[in-house]
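Please look through the structure below, and then follow the explanation that comes after it.

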Amino acid sequence: MKIHEYQAKDIFKHYDIPVPVSCVARDTDRVRTFAEERGKKVVVKAQVHVGGRGKAGGIKLASTPDEAFRAAGEIIGKRLKGLIVDKVLVEEAINIKKEYYLGITIDRKSRKNVIMLSTEGGVDIEEVAARSPEKIEKLYIDPAFGLKDFEIKKLCVKANFHKGLSREFAHFLKSLYKLYLEHDATLAEINPLVLTEEEKLMAGDAKILLDDNAIFRHKELETLQEIAEDDPIEQEARKNNIPYVRLEGDIGIMGNGAGLVMTTLDMVKREGGSPANFLDIGGGGSAEKTRQSLELITMDKNLNGIFINIFGGITRCDEAAKGIIEAIKSLDLSIPVVIRLAGTREEEGRKLFEAEGFEVGRDMNEAAKKVVELAGAYRARRENM
């Protein structure tokens, strides 16, 4: 679950993490009033659930109340990466001496939380990782012992913090880590973490991702979610309790098992295709759930192909085939569909598909290659219509 920067900073305040003085505004007059009251330079930031707001024109610095008014007018009501901006965060500008990146997330390979600190803040951490991976320091937290003082000291040494700054950073990091754990977050990120001219640390930005599966333990956080900003297909998937994530490609992906679906995405990418989604129907998917899943996938009007990947363990391949055939017929799909079956009664399932004239791959490689080819041909036909 995503929350806005202003919501994350409100949570920061409860953990004694310094943030700039700010307010949330839905109209330009409120922005100008805030700037007049503070009598300082302000920053106007679009509050939408997208990354790269600065590059997209969603963050503007204003030196006067009139500039703040105009900046807000250029942002509020405008579309930013597909979302309409209906509110902005306006806050006092920070006197920046140095910018850092600080983030806490889950490292699934080590099965530990990991703290990442970089001396290159204010830019995408992915860019830093690709360009200068040595500039990202990582601290893996043993879940049995938690975050220790000596580990923080090592991190401070690597970042070349002087003694006074090291003490302040230790308090800052402990507070952020406590917030991260107590809110069942999957990410707590500050980019940039600002060292001010007054030698104080401050959160210039704030990003928190909350684990959807743990929200039942935090009823007060449910009100922070703004469904209106969610992708409409993801909204529909949530209503039907179907694990779905929309991506930017044109080949729909459906499988039974998260690991299998992730592998399918990789296979399509390797063959030169671009996945449009992640969708896991789970084990024992009924014909009705299969139909609902295909309906979800085909809500994406950019679709040029569908890859259905089924492993017959709990689900028998012939039963899965009957459900898929029934679903496809009920939806009257014109988009090319490629199916791959493996496991229990796969031969019987394959015969059912072949009897209906469906494309069936002998293995995952062949099926991925086939769906990419068919999607390319379908795309070409659409462009020439």
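Which residues line the second largest pocket? Val19, Pro20, Val21, Lys40, Glu92, Ala93, Ile94, Asn95, Thr196, Glu198 and Met202 form that lining, where a pocket is an open set of points on a 1 Å grid over the protein atoms alone at which a 1.4 Å probe fits, with protein on both sides within 12 Å along at least five of seven lines, and where lining residues have an atom within 4 Å of a point. The model is predicted, and local features need pLDDT of at least 70 while side-chain atom pairs count only at pLDDT 80 or more, although totals for chains, interfaces and linings use all residues. Residues are numbered from 1 along each chain as its sequence is written, and side-chain values use heavy atoms, with hydrogens and water left out.

The volume of this second largest pocket is about 160 Å³, counted as the space filled by probe spheres set on the grid points, which are joined across faces, edges and corners. Its lining consists of six nonpolar, two polar and three charged residues, with Ala, Val, Leu, Ile, Met, Phe, Trp, Tyr, Cys and Pro counted as nonpolar, Asp, Glu, Lys and Arg as charged, and the others, Gly among them, as polar.

The peptide bond from asparagine 191 to proline 192 is cis, with omega near 15°, and proline 192 belongs to strand β10 (residues 185-196). Arginine 111, in the loop between β7 (96-107) and β8 (112-118), is not a glycine and yet has a positive phi, near 60°; arginine 111 is exposed, because its relative accessible area is 74%. Asparagine 160 likewise has a positive phi of about 60° without being a glycine, and this residue lies in the loop between α5 (149-158) and α6 (163-182).

Conventions:
Helices (H or I, at least four residues) and strands (E, at least two) are DSSP runs, numbered from the N terminus. Buried means under 20% relative accessible area, exposed over 50%, partly exposed in between (1.4 Å probe, protein chains only).
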